[in-house]
Amino acid sequence: MTTDPPPEPTEGTARGRARRAFRRWRRTRPFWAALWTGLGGFVIFFLPMAPLGKILQVGVGGIAGMAGGVVLMAMALLVLLLPGQRHTAGVIAVIAGVASFPLSNLGGLFIGMLLSVLGGSMAFAWLPEKPARRRGRLSRTAPAAEGSGTA
């Protein structure tokens with residue numbers, strides 16, 4: 001019996017190639033941060049949605065809640081499409097998520113607020129993957145130069 005992991009299927013199908021291409025693209029950007037931020041913005045945006053008469057009765061609070069949701073979804077797209085701007089977008093997402101608490105039905109009943117704060121903080125903390133070091137170039141345990149004159 002072997003403990004080796006099963007080999008990955010080497011499908012030459014279009015579906016397999018598309019999945020591998022998406023996986024490579026996803027790993028070069030803060031995908032999960034954008035997903036949580038966008039989901040939080042979606043919850044905050046659609047929770048106060050009501051017929052126009054109800055929104056007019058609610059007043060600016062309903063419109064401010066919807067604007068916060070739009071800002072959060074825009075920040076999710078910004079993080080996804082421009083990962084170099086992740087720090088700015090992450091801070092704006094956290095601020096908009098916390099601001100949604102008084103502006104939009106307790107931040108989308110806490111769910112939207114928590115998701116947007118989680119996604120914004122993940123976007124801020126994300127670091128791109130460093131390329132693997134090539135072996136054989138320089139060894140960390142290189143022997144000291146002999147005859148250097150130090151004792």
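**Group meeting: the helices of a predicted model**

The face of helix 7 that is turned away from its buried side carries two exposed residues, Leu-114 and Ala-125. I start with that detail because the word "exposed" stands here for a relative accessible area over 50%, and "buried" for one under 20%, and we shall need both words throughout. Please also keep in mind that what you see above is a predicted model.

Let me stay with helix 7 for a moment. This helix runs over residues 111–125, which makes 15 residues, and from its first C-alpha to its last it reaches 21 Å, close to the 21 Å expected at 1.5 Å a residue. Which residues of helix 7 are buried? They are Gly-112, Met-113, Leu-115, Ser-116, Gly-119, Gly-120 and Ala-123. If you look down the axis of helix 7, these buried residues fall within an arc of 165°, so they line one face of the helix.

Now let us step back to the whole chain. The protein has seven helices and zero strands, so that you can read along the sequence and find the pattern α-α-α-α-α-α-α. Of its 151 residues, 28% count as buried. The accessible surface of the protein comes to about 11100 Å², and 67% of that surface belongs to carbon and sulfur atoms. Among the contacts between residues at least 6 apart in sequence, 70% join residues that are at least 24 apart.

Leu-39 lies in helix 2, and it is partly exposed, with a relative accessible area of 38%. Helix 2 itself covers residues 31–46, and its 16 residues reach 22 Å from the first C-alpha to the last, close to the expected 22 Å. The buried residues of helix 2 include Phe-31, Thr-37, Ile-44 and Phe-45, together with the glycines Gly-38, Gly-40 and Gly-41.

Next comes helix 5, residues 86–103, where the 18 residues should span 26 Å at 1.5 Å a residue, and where the end C-alpha atoms are 25 Å apart, which agrees. Its buried residues are Arg-86, Ala-89, Gly-90, Ala-93, Ala-96, Gly-97 and Ser-100. They cover an arc of only 130° around the axis, which puts them on the same side of helix 5. On the other side of helix 5, Ile-95 and Pro-102 are exposed. Helix 5 is followed by Asn-105, whose phi is positive, near 45°.

Which residues make the nonpolar surface patch of about 490 Å²? Phe-22, Trp-25, Leu-77, Leu-81 and Leu-82 make it. Helix 1, residues 14–26, and helix 4, residues 60–81, each supply at least two residues of this patch, and Leu-77, for instance, lies in helix 4.

Note on methods: Residues are numbered from 1 along each chain as its sequence is written. This is a predicted model: local features need pLDDT of at least 70, side-chain atom pairs count only at pLDDT 80 or more; totals for chains, interfaces and linings use all residues. Side-chain values use heavy atoms; hydrogens and water are left out. Helices (H or I, at least four residues) and strands (E, at least two) are DSSP runs, numbered from the N terminus. The expected span of a helix is 1.5 Å times one less than its number of residues. Buried means under 20% relative accessible area, exposed over 50%, partly exposed in between (1.4 Å probe, protein chains only). The arc is that of the directions from the helix axis to the C-beta atoms. Patches are made of residues with over 30% relative accessible area and no salt bridge: like charges are joined within 9 Å, nonpolar side chains (Val, Leu, Ile, Met, Phe, Trp, Tyr) within 5 Å. Accessible areas come from the Shrake-Rupley method with a 1.4 Å probe; for residues, only the protein chains shown count as cover. A salt bridge is a side-chain nitrogen of Lys or Arg within 4 Å of a carboxyl oxygen of Asp or Glu. Contact means heavy atoms within 4.5 Å.
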